[in-house]
Amino acid sequence: MRQTTSVPAKTGRIPPDDAPPPAPTTSEADGVLPAGVTVFDDRYPGVANLDPDLLRALRAAATDATRDGVEFRVNSGWRSPAYQNQLLREAVAKYGSAAEAARWVATATTSAHVAGHAVDIGRFDATAWLARHGARYGLCQIYRNEPWHYELRPEAARHGRPPLYPDPTHDPRMHP
């Protein structure tokens, strides 16, 4: 029987026995996207598996943004649980603790990406365009520290975007 230890409260580090198990290499089937993918590239599961309402809003906004010379590129959209776990492991290694990694990467059970409800838009001109115009499509930045991360909030078209969380650790959805 494998013995595990709890995460030390002081450091927040995940002991090796408690880290998510290594995933097989992830691929496009898991939502990995090559550079240059747009919101219209249905051949990639990272785009095609997004929530249909989110995808519709993204495509409407992207169509209108082209009139301003702006193209939306998708850095990340839908992700499989395996891909999300891989990103989490990489974040723990990069930031040195689960607590710090949680400011940037959610677990597979709490990630809006795994549910198909979030998209990370690349290129500064596109995120700047969305910051100015996204609410009219219901597309809202959710986290102050992630200007590329957008989710659908249909009520934003009438009431404006909701207040930003400083980072994902302040989002109640991350603490089920």
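In which strand is the place of L152? The structure is a predicted model, in which local features need pLDDT of at least 70 and side-chain atom pairs count only at pLDDT 80 or more, while totals for chains, interfaces and linings use all residues. Residues are numbered from 1 along each chain as its sequence is written, and side-chain values use heavy atoms, with hydrogens and water left out.

L152 is placed in strand β4, where helices (H or I, at least four residues) and strands (E, at least two) are DSSP runs numbered from the N terminus. Because its relative accessibility is 19%, L152 counts as buried, a term that denotes under 20% relative accessible area, with exposed over 50% and partly exposed in between (1.4 Å probe, protein chains only). Although L152 and L139 are 13 residues apart along the chain, their C-alpha atoms are separated by 4.8 Å. With contact taken as heavy atoms within 4.5 Å, and residues up to four places away in sequence not counted, L152 touches D53, L54, A57, H117, Y137, G138 and L139.

A nonpolar core is a set of buried Ala, Val, Leu, Ile, Met, Phe, Trp, Tyr and Cys residues joined through side-chain atoms within 4.5 Å. The largest such core has 26 residues, and those with the most contacts inside it are L58, F72, W129, L130 and L139. Two or more residues are given to this core by each of α2 (52-66), β2 (118-122), α5 (124-133) and β4 (149-152), and the largest share, 7 residues, comes from α2. Leaving out residues up to four places away in sequence, W129 touches A61, D64, A65, D68, V70, F72, G134 and Y137. A second, separate core of 7 residues includes Y83, L88, V92 and V105.

Helix α3 (residues 81-95) has 15 residues and, at 1.5 Å a residue, should span 21 Å, which agrees with the 21 Å between its end C-alpha atoms; the expected span is 1.5 Å times one less than the number of residues. Within α3, Y83, Q84, Q86, L87, L88, A91 and V92 are buried, and the buried residues of this helix pack against α4 (98-101). Just after α3, G96 takes a positive phi of about 90 degrees.

S76 lies in strand β1 (residues 73-76) and, at 4% relative accessibility, counts as buried. Not counting residues up to four places away in sequence, S76 touches L33, H113, V119 and D120.
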